[in-house]
Amino acid sequence: MPAARFDFPGGARFAFTILDDADDGTEANLRPIYDLLRDLGMRTTRTVWPFRHEGPSNFFACETLEDPGYRAWALELQRQGFEITWHCASFESSRRDRTQAGLQRFIEVFGVPPRVHANHAWNRENLYWGPDRFDLPMLGALYRRAVGASADHYQGHVEGSEWWWGDLSRAHVEYARNLTYNTLNLAGINPSMPYADPARPLVPFWFSCSDAETVREFNVLTAPDQADRLAEEGGFSIVATHLGKGFVRDSQVDPETRRNLEHLAGLGGWFPTTGELLDWLRARRAQDVLPPGEWTRMQQRFAWDLARRKVVERLPFLAP
C-alpha cells in the first residue's frame, strides 16, 4: 500500500513523536533524554502510573506519582510542553475502584484527565486486549499461541467484571493505542488513524504505533536511512518505546540514540505530542471509521511483524 502524504503545519516534511511507556522509568534515568528532546524541539508523550503496587512485580524498577521527586519532574515536563498521560492506574492489575482512584489522582496532579491510554503488559483491566484486539479469528488464535494470554484474561471492557472501567474510559480517554508495527512510517499502514471502531466503542478513537521495545530496536527503527525515508515519503510516526530501558547510562544518553534524534531534528519535521498529532490527523478525516480493507490489511501486517519479532527474540543474530 503506497504511503499517504500530508501537508504538515509550517510546511514540515514529516511528523515524528514518541509515546514513552512508564516501565522502568525514574527521574534519574529519564531526565537526560527528556532534556535532549526538549533541546531538539521535540515535545513527546510520557505515560505515568498514579500508584505503586504492593507486592511482588516485574516492574518494581520504576517511580510513580507517589514518589514526590518524580511527580514534581512530571509536572515540570508538562509545563515544558510534553504530554503526560497514563498507562493504567498501576503496573499490576487494578480493580475498578483503584482505576477510578487512579484517574482522580491523575486529574488532581495534572489538572486534566489523561487523553491518551496505552494498555500495559498483562494488566487484567486492559481494554479490548489480547485476542479482543482483532476481528480475524485465526489471528486471535495465533496471538494466544504466541503470547500465551487466555481468551478471557483482559476484562476492562467487560461490564460486570471486577476489572471493568469501560464507562470511565469513555468519559475520560480520547485515544487508545492498538496495533504496532516494525516500520517508522505509519502512513503506509494506517493512514486513516485515528479511527473509531464500532466493535470497540468504549474508546472513542484508536491509533497505531511504530514498535521499539528496547533501545536497540529504537536505534534500528530511527536510523538515519529510515529517518531520511520517512522525510522523503512525507509520512508520520508515533514510536511506542520505553525510554527508561537503557536509553540513559551513567547520566548519558545512548550515543546512537542521540545521533539518530539529532539527525531527525535536522530534517525539517514537525515534532508534536501524540495527542496533538492525532488531533491534527483526525481534523482532516472525512469519516471516523476505517475505509474497507484497511483494517484487514492492518491486522495481517501486525501478525507478520509480530512473527518477525518473536523469531528475532529467539534468534537475535537475525535482527537488522
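**Exercise 1. Two sides of a helix**

The face of α8 turned away from its buried side carries two exposed residues, Pro-255 and Arg-259. Keep in mind that this is a predicted model. Your task: find which residues of helix α8 are buried, and what covers them.

*Solution.* 

Step 1. Locate the helix: α8 spans residues 255-265. Its buried residues are Thr-257, Asn-260, Leu-261 and Leu-264.

Step 2. Now see what lies over them. The cover includes the strands β1 (15-20) and β9 (252-253), together with the helices α1 (27-39), α6 (215-221) and α7.

Step 3. Finish at the start of the helix. Asp-254 caps the N-terminal end of α8, with one of its side-chain oxygens 3.2 Å from the backbone nitrogen of Glu-256.

**Exercise 2. A neighbouring helix**

Describe how α7 and α8 pack, then work out whether Ala-227 is buried or exposed.

*Solution.* 

Step 1. Two packed helices are described by the angle between their axes and by the distance between those axes. For α7 and α8 the angle is about 20 degrees and the axes are 9 Å apart.

Step 2. Angles under 35 degrees count as roughly parallel, so α7 and α8 are roughly parallel to each other. Their crossing is right-handed.

Step 3. Pick out the residues that meet. From α7 come Pro-224, Ala-227 and Asp-228; from α8 come Asn-260, His-263 and Leu-264.

Step 4. Zoom in on Ala-227, which belongs to helix α7 (residues 224-233). Apart from neighbours within four places in sequence, Ala-227 is in contact with Leu-184, Thr-222, His-263, Leu-264 and Leu-267.

Step 5. Check the accessibility. Buried means under 20% relative accessible area, and Ala-227 has 0%, so Ala-227 is buried.

**Exercise 3. Another helix pair**

Now try α1 and α2: at what angle do they pack, and which residues meet?

*Solution.* 

Step 1. Helix α2 covers residues 68-79, and α1 packs with α2 at an angle of about 15 degrees, the axes being 11 Å apart.

Step 2. The two helices are therefore roughly parallel to each other. The crossing of α1 and α2 is left-handed.

Step 3. On the α1 side, look for Glu-27, Leu-30, Arg-31 and Tyr-34; they meet Gly-69, Tyr-70, Trp-73, Glu-76 and Leu-77 of α2.

**Exercise 4. An arginine in a loop**

Where does Arg-200 lie, and which backbone oxygen does its side chain reach?

*Solution.* 

Step 1. Arg-200 lies in the loop that runs between β5 (175-181) and β6 (205-211).

Step 2. Its relative accessibility is 3%, so Arg-200 counts as buried.

Step 3. The side chain of Arg-200 reaches the backbone oxygen of Asp-132, at 2.9 Å.

Step 4. Setting aside neighbours within four places in sequence, list the contacts of Arg-200: Tyr-128, Asp-132, Arg-133, Phe-134, Asp-135, Trp-206 and Trp-295.

**Exercise 5. A threonine to finish**

Find the helix that holds Thr-99, and name the residues that Thr-99 touches.

*Solution.* 

Step 1. Thr-99 is part of helix α3 (residues 96-110).

Step 2. The relative accessible area of Thr-99 is 1%, so Thr-99 is buried.

Step 3. Not counting residues up to four places away in sequence, Thr-99 touches Trp-86, Ala-89, Ser-94, Glu-125 and Trp-165.

Technical notes:
Residues are numbered from 1 along each chain as its sequence is written. This is a predicted model: local features need pLDDT of at least 70, side-chain atom pairs count only at pLDDT 80 or more; totals for chains, interfaces and linings use all residues. Side-chain values use heavy atoms; hydrogens and water are left out. Helices (H or I, at least four residues) and strands (E, at least two) are DSSP runs, numbered from the N terminus. Buried means under 20% relative accessible area, exposed over 50%, partly exposed in between (1.4 Å probe, protein chains only). Contact means heavy atoms within 4.5 Å. A polar contact is a pair of N or O atoms within 3.5 Å; within protein, one must be able to donate a hydrogen and the other to accept it, and residues adjacent in sequence count only if both atoms are side-chain atoms. Axes are lines fitted to C-alpha atoms, for helices over the stretch in contact, and angles run from 0 to 180 degrees between N-to-C directions. Angles under 35 degrees count as roughly parallel, over 145 as roughly antiparallel, 65 to 115 as roughly perpendicular and the rest as oblique. A crossing is left-handed if the near helix is turned anticlockwise from the far one by less than a right angle, and right-handed if clockwise.
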